[in-house]
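Hi everyone, thanks for making time. I'd like to walk you through one model, so please have a look at it with me.

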Amino acid sequence: MIILVMGVSGSGKSSIGQLLADSLQWEFSDADAFHSPENIEKMRYGIPLNDLDRVPWLLALQQAIQQWLQENKNMVLACSALKASYREVLVLDEERVILVYLKGSFELIQKRLQMRHGHFMGEKLLKSQFDALEEPSGAVTVDISEPLEVIVQNIRVSLGI
Ligand SMILES: Nc1ncnc2c1ncn2[C@@H]1O[C@H](COP(=O)(O)OP(=O)(O)O)[C@@H](O)[C@H]1O
Ligand SMILES: O=C(O)[C@H](O)[C@@H](O)[C@H](O)[C@H](O)COP(=O)(O)O
């Protein structure tokens with residue numbers, strides 16, 4: 001099974017995804033590791049990615065998901081997956097790739113990004129993230145204003161795992 005933890009930059013995908021994986025004793029993967037150096041540099045310099053930039057990234061992620069499913073791996077994947085069309089590329093099997101959406105206000109997430117250090121993505125791209133975001137229907141949706149541990153517990157209760 002793959003739990004795809006999605007949301008805008010700063011919503012908590014990496015923090016919650018890693019804690020969730022640890023609590024389940026599953027593996028964790030961050031979609032940032034699948035970005036090209038060019039994409040990383042674009043974001044570092046405050047240039048939003050466009051659909052074309054994301055094609056190779058999504059295809060690389062799709063390949064990884066395909067492999068994890070074939071190997072019957074239990075995996076938590078942190079991936080923004082902002083648009084429905086991106087999620088169509090990634091959710092290869094609706095029974096085995098479960099979407100968890102980290103929902104929060106612009107203001108709260110902006111504050112969190114201001115507190116985050118040592119990451120290539122700053123707060124200046126947050127508006128473009130929300131502009132691109134198409135909220136998922138049918139996902140497990142969690143309120144990110146809670147503490148990390150509470151969010152992870154809420155996800156596990158919602159998924160019954
Ligand atoms: N529930 C939370 N409560 C407080 N701080 C949080 C919470 N979730 C994430 N953070 C902090 O917010 C920042 C963004 O989290 P991060 O996991 O990097 O988000 P993303 O991977 O979605 O960009 C980090 O500094 C992280 O420590
Ligand atoms: O599709 C995109 O525009 C990016 O994938 C973006 O959504 C993601 O947020 C960055 O890679 C930064 O990573 P963090 O989400 O960890 O800030």
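Let's start at ligand 2, where a polar side-chain atom of His 119 lies 3.2 Å from an oxygen atom of the ligand. For polar contacts I take pairs of N or O atoms within 3.5 Å; within protein, one must be able to donate a hydrogen and the other to accept it, and residues adjacent in sequence count only if both atoms are side-chain atoms. Ser 9 also has a polar side-chain atom 2.6 Å from an oxygen atom of ligand 2, and for an N or O atom in the side chain of Gln 129 the distance to a ligand oxygen is 2.8 Å. On its own, ligand 2 exposes 400 Å², and the protein buries 98% of that area (Shrake-Rupley, 1.4 Å probe).

A quick word on the ground rules. This is a predicted model, where local features need pLDDT of at least 70 and side-chain atom pairs count only at pLDDT 80 or more, while totals for chains, interfaces and linings use all residues. Residues are numbered from 1 along each chain as written, chains are lettered from A and ligands numbered from 1 in the order written, and side-chain values use heavy atoms, leaving out hydrogens and water.

Back to the ligand: how many residues surround ligand 2? There are 15, and the closest are Ser 9, Lys 13, Asp 32, Arg 54 and Gln 129 (a heavy atom within 4 Å).

Now the aromatics. The count comes to one aromatic pair, with ring centres required to lie within 6.5 Å, and planes under 30 degrees apart called stacked, over 60 edge-to-face and the rest tilted. Phe 106 and Phe 130 form that pair, and it is tilted, at 5.6 Å centre to centre and 55 degrees between the planes. It links distant parts of the chain, 24 residues apart: Phe 106 belongs to helix H5 (residues 106-115) and Phe 130 to helix H6 (residues 126-132). Helices here are DSSP runs of H or I, at least four residues, and strands are E runs of at least two, numbered from the N terminus.

Key. Rings of Phe, Tyr and Trp (its six-membered ring) pair if their centres lie within 6.5 Å; planes under 30 degrees apart count as stacked, over 60 as edge-to-face and the rest as tilted.
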